[in-house]
Amino acid sequence: MEHKVLITTSGSGRRLGNLTKYTNSALVRVGKKPAISYIVETYPTDTKFVITVGHFADQVKDFLHMAYPDRNFEFIDVANYDGEGSSLGLSMLAAKESLQCPFIFHASDTIIAEAPPGPDKNWIGVFRGEDASQYASWSEGEDGSLVLLDKGARDFDFIHIGLVGIKDYKAFWHKLGSAHKNNPDDSTLNDCIAIAALLKDGTKFDLEEFATWYDVGNAASLRHAREAIPDSFHNLDKFEEEIFIFEDFAIKFFFNEKTLANRVERARILSGLVPKIEASSKNFYRYTLAKGDLYSRVANAKDFGEFLSWAKGRLWLPHEEVSKSEFKVVCQKFYKDKTIERINKFLSMNFVKDETQIINGEKIPPVLEIIEKIDFNWLTEAKQTGFHGDFILENIIKTKDGYALIDWRQDFGGLLSSGDMYYDLAKLNHNLMVNHDLVDKEHFYVRHKANGDIECEILVKHSLAECRRVLVDFLNKNGYDKKKVGVLTALIWLNMSPLHHHPFNIFLFHFGKYHLWRALNLGALKE
């Protein structure tokens, strides 16, 4: 029997808060992929999908075409997808003409592990849960009769999960259309209302119980799904960008179209060092997944020197994009102006007073006073070279033939082909001390003592501490300025502080302030 699958992505997804400020709820990452990928991949490759779109419609269309170029998608634009009169039922009705056949309705926030049956009968997807506070539910009588219960019911048998099979499609559309006609402003109009009306008329529906169900439609249930889903993948939420990992490729999302365009151009400039861009659109690009090991997991002192030599010989090659004086201006804005802006943002966001503090037993002046003590003429005296821009171990893949760089920065102060090698070195130094895995496990602390003093420290993996000694040796052998690396590392921590969660943001600010003072006063980078 020919049938189709309806997925409604038109809604604004307000229950996910800031996660849908820049993208569609169906494109919010769950494990390694966005929600809609888990739905699409539940069905056979020859399935015909009807997708309603509204909120960030172009993003949904572009992503699906890029991720699944051989799949069959028909998109239905929903005019009224947010505001008075909008509803799930109205979005479904927009697809009525394309669904004049048996079909499955699969809500865009419902992920299941088992393949659903086809709509060769009428069925309702349910889950035997304990809490229906956020969901409609069903009560089943001894005679097999079904009663629809509103959200919050206490005495129920099954939760309605937003997955139904509709064999009697003409009757379904008639009931849903009649309900909308009777009350066109009903924001609660949905599939359940039509099904309840059909049941009242004697139409039979079977319950299809699913053993695994993830609801990803609100912040709390999304957190649960991310922890429980088999391909769980930890990545800090950046509301304006995201990465999705597939078997042979990855897709990067950027809300800022210029940022994405610059990333694509930078991939051309870094050809041979970064994976090949296979396709791009306004907000997405797809690149070949480099095969190998994440360097943060396998880096060791034995091969780290070889890696640094590789970077020096392949990445940090001389390249002048602008004049020397122009480059100093770029560095000044990047190192001083941006840092001051970020510090003020942190102070304002966290109601912190910039004052003299005792940090780790040392008297440290206000951070903006320390910034003014930096000789920026010295700090910006740099030769232009190729650069990565976010040169951390998590962005390096150790392959069988060498290394591949991922998640490169889109520019260096607006420049695409040239930057400051010292910024890459400082990023690497930062990452060897403040490693993502240890941060994720909260192996850092910042303590405010009773007398007002502050203590802040982070654990460092032994293998990475050994690598850092190799880095210092590399700087010495090549005549690089260790003090400059130390100062820039501290500035990186200060710049990161307003961008991260509590208490990591507090840690970064004080850790950066402490190490900036030490770098300026003790000079050489300390092992």
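**Ground rules.** The model is predicted; local features need pLDDT of at least 70, side-chain atom pairs count only at pLDDT 80 or more, and totals for chains, interfaces and linings use all residues. Residues are numbered from 1 along each chain as its sequence is written, and side-chain values use heavy atoms, leaving out hydrogens and water.

I looked up an open sheet of 3 antiparallel strands, in the order 16-20-21. Strands (E, at least two residues) and helices (H or I, at least four) are DSSP runs, numbered from the N terminus. Two strands pair if DSSP finds at least two bridges between them. Strand 16 (293-294) and strand 21 (403-405) are the edges, each pairing on one side only. I found 2 bridges between strand 16 and strand 20 (residues 396-398). Leu294 stands opposite Ile397.

**Lysine.** I checked Lys336 in helix 10 (residues 324-350). Its relative accessible area is 18%, so Lys336 is buried (under 20%; exposed is over 50%, partly exposed in between, with a 1.4 Å probe and protein chains only). Lys336 touches Cys331, Glu372 and Phe376, not counting residues up to four places away in sequence (contact means heavy atoms within 4.5 Å).

**Rings.** I noted 46 aromatic pairs. Rings of Phe, Tyr and Trp (its six-membered ring) pair if their centres lie within 6.5 Å; planes under 30 degrees apart are stacked, over 60 edge-to-face, the rest tilted. Trp310 and Tyr403 form a tilted pair, 5.2 Å centre to centre with 55° between the planes. Trp310 lies in helix 9 and Tyr403 in strand 21, 93 residues apart. Trp310 is buried at 14%. Tyr403 is buried at 11%.
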